[in-house]
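Please look over the protein shown here together with its sequence.

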Amino acid sequence: MAKSFADVQKLAKEHEAKIVDLKFMDFPGLWQHMSLPIKLLTEDLFEDGFGFDGSSIRGWKSIHESDMIIIPDPDTAMIDPFMKPTTISLICDVYDPLTRQKYSRCPRNIAQKAEAYLQSTGIADTVYFGPEAEFFIFDDVRFDQNEHSGYYFIDSVEGAWNSGREEGPNLGYKPRYKEGYFPVPPTDASHDLRSEMILIMEQCGMDVECHHHEVATGGQAEIDLRYGPLVASADQLLLYKYIVKNAARKHGKTATFMPKPLFNDNGSGMHTHMSLWKGDTPLFAGSGYAGLSEMALYYIGGILKHAPALIALTNPTTNSFKRLVPGYEAPVNLAYSQRNRSAACRIPVYSSSPKSKRIEFRCPDPTCNPYLAFSAMLMAGLDGIVNKIHPGEPLDKDIYDLSPEELAEVPSTPASLAEALDALEQDHDFLLKGDVFTEDVIETWIEYKRTKEVDAMRLRPHPYEFALYFDI
């Protein structure tokens, strides 16, 4: 049931809140916020909004048209679990103060338009997303980059590289490289911290399914949330990251969702489950391959056809492609299968219930802006349904057992962010339907990523280049 201003006011009074925190999403994918005294929690705030300088937000307005306003969504009201003065937190939508329309580059607005477009097609009422975001918990991280030096240093109490370190005493139990999946404590040294994280998540109204150690050494972890509608699921993922980072910091640790912080071990992905429903009817269940409906197969066809362009939004950092490397653990093969985890699209078979029938896109990682990434995945799948794009034959063989000739017939994900951005530039008409994305949004995204990230990385010497080339 949708909340009203009265509900928010009641929540604030019950907890004797002193501060109102207004959160909104910038273009690349970080939450931003501003805080107000509780006396400003009035109906006017939910009608007129609160002004701020949009030119200071990455990828947004220029300085001569910088005024913007944010209007809070009462459905997102909660008590912030980390702020010392009791604080009521609200997620906001961004508006242009002159037109009073939602700002076209506001990622949450794009996600809302994607949900509206889905309903306008008559194909389904609701799309559910279930992201599985992985992350690392470290004890120390240092990095710097300037004109004459560049380095990073990471440390973790459970890092395999510390098995011989003097720790007064060193008690061992450090997961070996690529052997961190599911060990019990004491090898799983972050169990209690993850448990605290999920208790905070539940306190904030999130529906948690499980948590566990992930494959890599050095504190890799995963917490799984129950699926939800597109916008709500993106909201929850941002809250998830907020809680993980702040809970880690509370214990003198640091958490990162960077896909590949460690060399020679698994990276952090965000396998994303999707399903379409009409009312109480799941639309992906049927009598086809792996118990899928024809609609589900077409949805997969759309995902696979547009995957190179999608990846510019689902894997939007140069570091993302340190994880998406053929021959390692990442799903770089643009194919589908019911059990093969090396395929980009997998159909889980844990349950035979039609309600659990879904597809899993395994390429994304948690550096993505979830509003943009989820919207793009939905638009690709809908394009597949509308145009009846069949995904072809499934890839049920072990990819490592394929002959070179067979492997050559399986397309792969882009090898770099630059390649993915080129693909998005050439293939984005499917995103423009229903005015969900606009040409301005696509052009701004590509320009921002090329200039701020691709070119910025290309211009700087890499530390390992000195090991390779200094003596030449």
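## Strand β7 and its partners

Strand β7 and strand β12 (residues 228–229) are joined by 2 bridges and run antiparallel, with Y128 standing opposite P229 of β12. Strands here are DSSP runs of E with at least two residues, and helices are runs of H or I with at least four residues, each numbered from the N terminus; two strands are said to pair if DSSP finds at least two bridges between them. The model is a predicted one, in which local features need pLDDT of at least 70 and side-chain atom pairs count only at pLDDT 80 or more, whereas totals for chains, interfaces and linings use all residues. Residues are numbered from 1 along each chain as its sequence is written, and side-chain values use heavy atoms, with hydrogens and water left out.

Strand β7 also pairs with strand β14 (residues 270–278) through 8 antiparallel bridges, and within this pairing A133 has M270 as its bridge partner. Antiparallel pairing over 3 bridges links β7 to strand β11 (residues 220–225), where F135 stands opposite A221, and 3 antiparallel bridges likewise link β7 to strand β13 (residues 254–256), where I137 is partnered by A255. Strand β7 itself spans residues 126–138, and because 11 of its 13 residues are buried, the strand is largely enclosed by the rest of the structure. Buried means under 20% relative accessible area, exposed means over 50%, and partly exposed lies in between, with a 1.4 Å probe and protein chains only.

## Salt bridges

A salt bridge is counted when a side-chain nitrogen of Lys or Arg lies within 4 Å of a carboxyl oxygen of Asp or Glu, and by this rule there are 25 of them. One joins the side chains of D235 and R108, at 2.8 Å from N to O; this pair links distant parts of the chain, since D235 belongs to helix α5 (residues 230–250) and R108 to helix α3 (residues 107–121), 127 residues apart. D235 is buried at 8% relative accessibility, and R108 is buried at 3%. Both residues belong to a network of salt bridges that links D73, D93, K102, R108 and D235.

Which residue forms a salt bridge with E179? The partner is R176, with the closest N and O atoms 2.8 Å apart; E179 is partly exposed at 46% relative accessible area, while R176 counts as exposed at 58%. In another salt bridge, the side chains of R194 and D188 meet at 2.7 Å, N to O, and both R194 and D188 are buried.

## Surface patches and a buried helix residue

V141, F143, Y152 and F263 make a nonpolar surface patch of about 530 Å². Patches are made of residues with over 30% relative accessible area and no salt bridge, like charges being joined within 9 Å and nonpolar side chains (Val, Leu, Ile, Met, Phe, Trp, Tyr) within 5 Å. F143, in strand β8 (residues 140–145), is exposed with a relative accessible area of 63%.

A negative surface patch is formed by E43, D44, E47 and D48, where Asp and Glu count as negative, Lys and Arg count as positive, and His and the chain ends are not counted. D48 lies in helix α2 (residues 43–48) and is partly exposed at 44% relative accessibility. By contrast, I300 of helix α6 (residues 294–314) is buried, with a relative accessible area of 0%.

Conventions: Areas by Shrake-Rupley, 256 points an atom, 1.4 Å probe, with all protein chains shown as cover. Charge placed at Lys NZ, Arg CZ, Asp CG, Glu CD.
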